[in-house]
Amino acid sequence: VKQIIKSEGDQNSENTAHPRSMEISDKDKLFLKNTVIAGASAGFGANVVVHPLDTIKARLMYLLSGQHQMGNVTDTVKRSIKLGGLRSLYRGYGIVLMSTVPSTALYFLSVEISKKFVPGDNDAMTKQFFSGVMAQFVAGFVFTPRDVIKERVQTQDILPKHLRRYSSSFDAVKQIIKTEGILGMYKGFWQTFSMWGMYGGLYLVLYNEIKNFSRIHSYEVKGHESSRTILGSSILAAALSAALTNPLDVIKLNYQVNREKDTFYNLTKQLFKSNGPTVITRGIMARILWVCPRTAIAWSIYEYVMMFVTVYDK
């Protein structure tokens, strides 16, 4: 957090030692509060709408189920509803609902704090990229256990009944801790960070560049961009970032869902051996369909809530 260094003592006295104290200014405290409010609102609004698309993506990417693999987006929707009704598309939503507000608020807070520590102009690509990566690392401590739980619950409906272990997200938490320990909740932490870190860095760079380009050509004021500019920039940046990081997501998901004690290297080798090089494109369309509205909704809510609370506080 940005800290303000203040000099204390007699300003008129020469050769006097001035002890310095560090404190967070009221302006910074207000900014942090607004960031948390905006981030929490963004996370709740985004995940409520797009969770079924996340479930479809997870089932398409899950390749260790062998003969139970899904075909395409349409086929996955039909088979999912046939297997468990519309409710099947909301598997894992319990843990998402519980973790969405704190995790998204933590992510946006980390983005803004990171920007204060990374040197350079706010619009510099390197600053945007490393801020996105650092934010994903911090948020990963909440994102990783959430992903492990929700993905195992989301994918088990496509398995034979005797292989379905979890009755709910909360049952999955209990069973994972009981059989794999607390570290089981953080399985694939570095894989999660590598995937979301790369996504976060690419997204912020692309979002900022596209938004600035659109703002300049639309003659808009910086910080007061139109909804069209924010939404369009979010969707395009999210689509490109999602497509580029899809290979990492496929491998990460299968590693986290896998209950066997297998190494990440062996599992990756098995995926490529069984499915060929095209495995890296598995579920790419579903991922784009999930990420685009989720990111667009989240960043639009975040930007507008930040504008609102800033004006309200003034």
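Student: Why is Phe-129 called partly exposed?

Tutor: In this predicted model, Phe-129 has a relative accessible area of 22%. Buried means under 20% and exposed means over 50%, so 22% falls in between and Phe-129 counts as partly exposed.

Student: What makes Phe-130 partly exposed?

Tutor: The relative accessibility of Phe-130 is 44%. That value lies between 20% and 50%, and therefore Phe-130 is partly exposed.

Student: Why is the pair of Phe-129 and Phe-130 called edge-to-face?

Tutor: The ring centres of Phe-129 and Phe-130 are 5.6 Å apart, and a pair requires centres within 6.5 Å. Their planes stand at 85 degrees; an angle over 60 counts as edge-to-face, so the name applies.

Student: Which values describe the aromatic pair of Tyr-107 and Phe-108?

Tutor: A search of the whole structure finds 16 aromatic pairs. Among them is that of Tyr-107 and Phe-108, with 5.2 Å centre to centre and 70 degrees between the planes. With 70 degrees being over 60, this pair is therefore edge-to-face. Both residues, Tyr-107 and Phe-108, are buried.

Student: How do you know that Lys-187 lies over the face of Tyr-255?

Tutor: Lys-187 is 4.9 Å from the ring centre of Tyr-255. The distance must be within 6 Å, and the charge must also be within 35 degrees of the ring normal.

Student: Where does Val-138 lie, and why is Val-138 partly exposed?

Tutor: Val-138 lies in helix α4. Its relative accessible area is 34%, which is between 20% and 50%, so Val-138 is partly exposed.

Definitions and conventions
Residues are numbered from 1 along each chain as its sequence is written. This is a predicted model: local features need pLDDT of at least 70, side-chain atom pairs count only at pLDDT 80 or more; totals for chains, interfaces and linings use all residues. Side-chain values use heavy atoms; hydrogens and water are left out. Rings of Phe, Tyr and Trp (its six-membered ring) pair if their centres lie within 6.5 Å; planes under 30 degrees apart count as stacked, over 60 as edge-to-face and the rest as tilted. Buried means under 20% relative accessible area, exposed over 50%, partly exposed in between (1.4 Å probe, protein chains only). Helices (H or I, at least four residues) and strands (E, at least two) are DSSP runs, numbered from the N terminus.
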